[in-house]
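Dear colleague,

I am passing on the structure below, together with notes on a few of its contacts. Please read the notes with the structure open beside them.

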Amino acid sequence: ALNSAIGTSTPGVRRPGWSDLTVWLTGYAPRDYLSVFCAEAAKTTTPLIIQKLNSESGARRQRLALTLIQIFRVLGAFPQQSGSSQPDLPIRADLLGAADPWAKLGPQLLPLTNDKVDIVRAAAVFALGVLHGADVRIEGAETRIEQASKDDADLVRVWAARAIANMPVDAEGFLLRLADLVNDPATEVSEAAWNALQFQLAAGQGRPRFTELQHLLNHRSKGVQFEAIRALGHCTEGPDVVVPILLDKLEIGEHGNWYSARSAFRKLAQDHKKACVSALSKALRHESPIARARAAQTLAIIDKDSRTTQIFVVRTLSSAAILHHESPYVVRDAMIALCALDSRAGSDGVPLLLKHLSDNSNTVQKGYAAMALATLGMRQPENVLPVLAELLGDSDPDIVAGAIRGAEILGTAASPLLPRLTKLLTDQRQYNKRSVSWSDGKATLASLAAKALTTIRTAQ
């Protein structure tokens, strides 16, 4: 009945397919038909909802406020998903249409931000944030949103954070407000602010202000610092200012925390690749083995197709100071760098890896080394298959896991290894996922072998 009503009862409203409607009904909370209908007929229904908010009372009024939030959740960009399986729905610019009719809602929305009912204030503030992000400028909206971020009610601060997430990322001062809310004593507010900050810095509209990111780099939250570093890759400043900061973060960042600088380099290289490659190439000569390994990995990722880069990276990582470093994380970073290179680097990288894998005095990160060997040995599988076959029988389950992943990487070229992989289907030894991936925890060699066999046989 609703599907028919949407298609015929409201002129000009798009009729969704049944599967779309089903997803919407199960993807938003509260999961009611009115929310879905109003999202589709927003231009017609929103002014009526706001009018009713000013005339109704009690539970009915609170329900109308929830419906207003639902309308703008679908029209807005954040928060769209109630779970990782839900679809990513962008701002519905086609439904918003011209800005003028929406701007006329300002005189009705602004007073609601001072309403005595928490959910009404929250709904009005969130609506203003979504409209602001869709270039509907309502005078006084920014002031009301900032005011709401300091509201006594936790619920209002939650939706103020989500409102800010929908605003342009260069709206002055609002990134700093989100960072402040990350430290909010109310857990729900803190989580909403953290999610909003991540969304803004990763997918926000426009480029974040460098001056504001500078403040966030010194924030007491390590998570906020991480996101601020990553956002430097697309901020208002260019490589002359940003690259020195990122190089410093590569060198001094703790294990895991320097990945934000690597991510920023990837983003920055989209528009300033030459400057990034030049800076990272110079960093390959840094006195610190840690800095060299991290610079090599970053360079390999952003310039893997360059023959010059391939040679420089392999030569840098051949240093005993890196491959025999006391920290296993440095060796791991070196192996990830080799995994990132194009297979054309095999002529340089395979001999290095064969030597490393034959060195029984050093068993650190040999799982990753096996994966790197397979990646660089794709053009000469006959040279790497005997080594992988030997590693499949190793006593260390982490090394065996790397060999299994190496076979999977080779695909059909690993067909001679199928009998050995089949034997591992009954091997219940556990390996550390971190030894061959970004994941934490333990898993059995049998499950990893089953996956590799499926991949290889499917490729055949």
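**Salt bridges and a helix pair**

The side chains of Arg 429 and Asp 427 meet in a salt bridge at 2.8 Å, N to O, where a salt bridge is a side-chain nitrogen of Lys or Arg within 4 Å of a carboxyl oxygen of Asp or Glu. Arg 429 is partly exposed, with a relative accessible area of 31%, whereas Asp 427 is buried at 14% (buried means under 20% relative accessible area, exposed over 50%, partly exposed in between, with a 1.4 Å probe and protein chains only). Please note that this is a predicted model, in which local features need pLDDT of at least 70 and side-chain atom pairs count only at pLDDT 80 or more, while totals for chains, interfaces and linings use all residues. Residues are numbered from 1 along each chain as its sequence is written, and side-chain values use heavy atoms, with hydrogens and water left out.

The structure holds 16 salt bridges. One of them joins Lys 273 to Asp 303, with the closest N and O atoms 3.3 Å apart. Lys 273 lies in helix α17 (residues 259-283) and Asp 303 in the loop between α18 (289-302) and α19 (307-317), so this pair ties together parts that are 30 residues apart in sequence; helices here are DSSP runs (H or I, at least four residues), numbered from the N terminus. Lys 273 is partly exposed, with a relative accessible area of 37%, but Asp 303 is buried at 9%.

Another salt bridge, also 2.8 Å from N to O, links Arg 230 and Glu 227, which both lie in helix α15 (residues 222-231), three residues apart, about one turn of the helix.

Terms used:
Helix = DSSP H or I, 4+ residues; strand = E, 2+ residues; numbered from the N terminus.
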